[in-house]
Amino acid sequence: MKKIFGIYILTIFLCAPIIVVAQKLPGIQEKSLRAPVNVKIDGELGEWNYKFQAYNKATDIFYSISNDDNNLYLVVQAKDPIIIKKIITSGIVFKINNSAKKNEENYNFSFPCPLPLTARTRLLMDINKKIDITDDSILRKRRVDSLIIAMNTIVDKKFEKIKITGINSIKDTLISIHNETGVLAAAHFDNLRFYNYELAVPLKYITSEINKDSKISYKVEIEGIVTNRPNIVFIEESSDMRAMNYTTDFSGAYNLSKR
């Protein structure tokens with residue numbers, strides 16, 4: 001009983017800072033943000049200091065949009081395992097449009113693209129895997145490190161494609177993450193098993209979507225599993241299943257940061 005109570009207290013202690021941070025952030029980013037110098041799109045958020053401009057409750061993600069002279073960036077962190085599973089299964093879609101052009105197609109950037117079944121199943125199992133709370137902190141750290149390495153090995157090998165629509169000069173809908181267009185995306189798990197995501201979109205592709213006030217309208221969407229794969233049906237729907245099944249999104253406007 002003492003061990004169970006200790007684990008319970010430890011869980012509250014670890015989760016409390018996350019809840020406090022989420023409560024302090026706005027639901028939609030309010031300010032422009034100049035990107036750090038020498039951003040590297042690798043799914044590691046060290047250059048961003050793991051700080052975010054907003055926490056959106058509808059999608060349950062932390063995010064920041066920023067820019068430099070050449071690129072627009074979207075940085076996302078998901079902490080809830082249910083939301084992480086949803087993202088892995090369906091991807092995050094970043095949609096850019098000009099609100100004045102109501103009937104024109106968005107510029108859509110989706111990552112990751114659907115994984116092969118074996119890789120997706122393995123990754124979902126690792127997200128669920130329990131690490132025993134032991135008195136041996138060194139042993140526990142080794143187990144955690146080993147699990148994170150295994151998860152990121154799958155990510156590095158299987159998160160291979162970015163789906164792009166709406167940009168006429170990019171002919172292929174699916175492009176490799178290693179490409180010459182300058183559209184880059186990457187994801188990684190950190191040592192807390194949080195999912196970290198980075199996307200870079202060259203501003204040259206979206207100049208027509210930037211209005212005269214240097215403002216860009218955008219939407220961030222996480223597709224539901226049922227929406228994305230209509231052949232998947234769940235007989236019983238718990239609150240977790242509902243979170244997985246249905247598309248969630250939010251919209252905002254971002255003013256480009258200038259020097």
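A nonpolar core is a set of buried Ala, Val, Leu, Ile, Met, Phe, Trp, Tyr and Cys residues joined through side-chain atoms within 4.5 Å. Buried means under 20% relative accessible area, exposed over 50%, and partly exposed in between, with a 1.4 Å probe and protein chains only. The model is predicted, so local features need pLDDT of at least 70 and side-chain atom pairs count only at pLDDT 80 or more, while totals for chains, interfaces and linings use all residues. Residues are numbered from 1 along each chain as its sequence is written, and side-chain values use heavy atoms, leaving out hydrogens and water.

In the largest nonpolar core there are 55 residues, and Leu72, Phe94 and Phe109 have the most contacts inside it. Helix α4 (residues 137–158) gives the most to this core, with 6 residues. Helices (H or I, at least four residues) and strands (E, at least two) are DSSP runs, numbered from the N terminus. A second, separate core has 12 residues, including Ile41, Trp48, Tyr55 and Phe62.

How confident is the predictor? pLDDT gives its confidence in each residue, from 0 to 100. The chain has a mean pLDDT of 84, with 80% of its residues at 70 or more. Over residues 1–20, however, the pLDDT is below 50, and this stretch has 6 contacts beyond near neighbours in sequence, a contact being heavy atoms within 4.5 Å. Where pLDDT is low, the predicted coordinates should not be read in detail.

Now to helix α3 (residues 117–128), where Ala119, Arg120, Leu123, Asp126 and Ile127 are buried. Down the axis of α3, these buried residues fall within an arc of 130°, so they line one face of the helix; the arc is that of the directions from the helix axis to the C-beta atoms. Leu117 and Thr118, on the other side of α3, are exposed. Among the elements covering the buried residues are α2 (81–90), α4 and β8 (184–189).

Finally, the rings. Those of Phe, Tyr and Trp (its six-membered ring) pair if their centres lie within 6.5 Å; planes under 30 degrees apart count as stacked, over 60 as edge-to-face and the rest as tilted.

| Pair | Centres apart | Angle of planes | Kind |
|---|---|---|---|
| Trp48 and Tyr73 | 6.0 Å | 65° | edge-to-face |
| Tyr55 and Phe62 | 4.8 Å | 45° | tilted |

Trp48 lies in the loop between α1 (2–24) and β1 (54–56), and Tyr73 in strand β3 (residues 71–78), 25 residues apart. Ring pairs also link Tyr63, Phe94, Tyr218 and Phe250 into a cluster.

Note on methods. pLDDT is the predictor's confidence in each residue, from 0 to 100. The expected span of a helix is 1.5 Å times one less than its number of residues.
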